[in-house]
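Below is a brief report on ligand surroundings. Look at the model before reading on.

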Amino acid sequence: MLSKEIQLEVNKGAMLPLMEEFYTIQGEGFHTGTAAYFIRIGGCDVGCHWCDVKESWNAELHPPTSIDLIVKNASTYADTVVVTGGEPLSWDMTLLTQQLKDKNLKVHIETSGAYPLSGSWDWICLSPKKNKLPTQTVYDNAHELKVIIHNKHDFIFAEEQAELVNNNAILFLQPEWSKKEEMTPLIVDYVMNNPKWRVSLQTHKYLNIP
Ligand SMILES: C[S@@+](CC[C@H](N)C(=O)[O-])C[C@H]1O[C@@H](n2cnc3c(N)ncnc32)[C@H](O)[C@@H]1O
Ligand SMILES: Nc1nc2[nH]cc(C(=O)O)c2c(=O)[nH]1
Ligand code: SF4
Ligand SMILES: [Mg+2]
């Protein structure tokens, strides 16, 4: 159990359960190949059975960390910060994003959109999940829609989600890692037949970097 004082700070978004932070190359989606500092915030109740960071789900395993410290570390690296998780929108992102922007950093988010949008973002990557669909604010503000393809039905889900996202969002299909041998050729065919979509791969896993 957190002390009352710390719980209040977490509720305000002045402290967040930090799982890890690392400087790497954005491996996925529109900004693939570009250097970025990743901040991974613990806590997620969406429950994707193929999630590649299940250790992030239980927020209680990750120490509440002051955003002052998170921002200080981030600003010593690249000019772009990617906030991920866990599900970052489980928490109030207002203060964290304000302070990152005060340091002139570009602030990106990786989100399932399952909770209402908080914070101010230069780039929103929405990766919707069937078991907890995105909220309207995230559909309206997403710059990128990145749908994970684990089976053939996910192409239908992808088209449904593309109807819900704003018209400017760039559309990506990304193979679920454990099914990539089977799904990647289907994605390649699908994108050639439906060129409004683009392919996204988890390139960091091929590069053996975090
Ligand atoms: C771990 S999630 C954290 C952020 C947020 N909870 C979300 O799902 O967008 C980061 C990204 O990894 C993707 N992802 C997670 N597990 C994956 C897997 N096994 N194969 C491919 N992509 C995966 C998610 O869809 C999301 O785009
Ligand atoms: N290199 C790298 N790129 C990423 N893009 C999204 C990631 C995530 O887990 O949110 C991720 C990640 O974990 N590593
Ligand atoms: S929403 Fe993201 S962090 Fe949560 S289980 Fe799904 S992939 Fe993992
Ligand atoms: Mg990842």
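## Ligand 1

How many residues surround ligand 1, and which are the closest? The shell holds 18 residues, and D52, E110, S112, S127 and W177 are the closest. A residue belongs to a shell if its C-beta atom, placed from the backbone, lies within 6 Å of the molecule. β4 (80–85), β5 (106–111) and β7 (144–149) each give two or more residues to this shell. Strands are DSSP E runs of at least two residues, numbered from the N terminus.

By class, the shell has six nonpolar, seven polar and five charged residues. Ala, Val, Leu, Ile, Met, Phe, Trp, Tyr, Cys and Pro count as nonpolar; Asp, Glu, Lys and Arg as charged; the others, Gly among them, as polar.

## Model and numbering

This is a predicted model: local features need pLDDT of at least 70, side-chain atom pairs count only at pLDDT 80 or more, and totals for chains, interfaces and linings use all residues. Residues are numbered from 1 along each chain as its sequence is written, while chains are lettered from A and ligands numbered from 1 in the order in which they are written.

## Ligand 3 and its cysteines

The residues around ligand 3 include C44, C48, C51, S112 and K129. UniProt, in an unreviewed entry, lists C44, C48 and C51 under "binding site"; such annotations may be inferred rather than shown by experiment.

C44 lies in the loop between β2 (35–41) and β3 (64–66). C44 counts as buried because 24 other C-beta atoms lie within 10 Å (buried: 20 or more; exposed: 12 or fewer; partly exposed: in between; C-beta atoms placed from the backbone). C48 sits in the loop between β2 and β3, but is partly exposed, with 19.

Note on methods: Helices (H or I, at least four residues) and strands (E, at least two) are DSSP runs, numbered from the N terminus.
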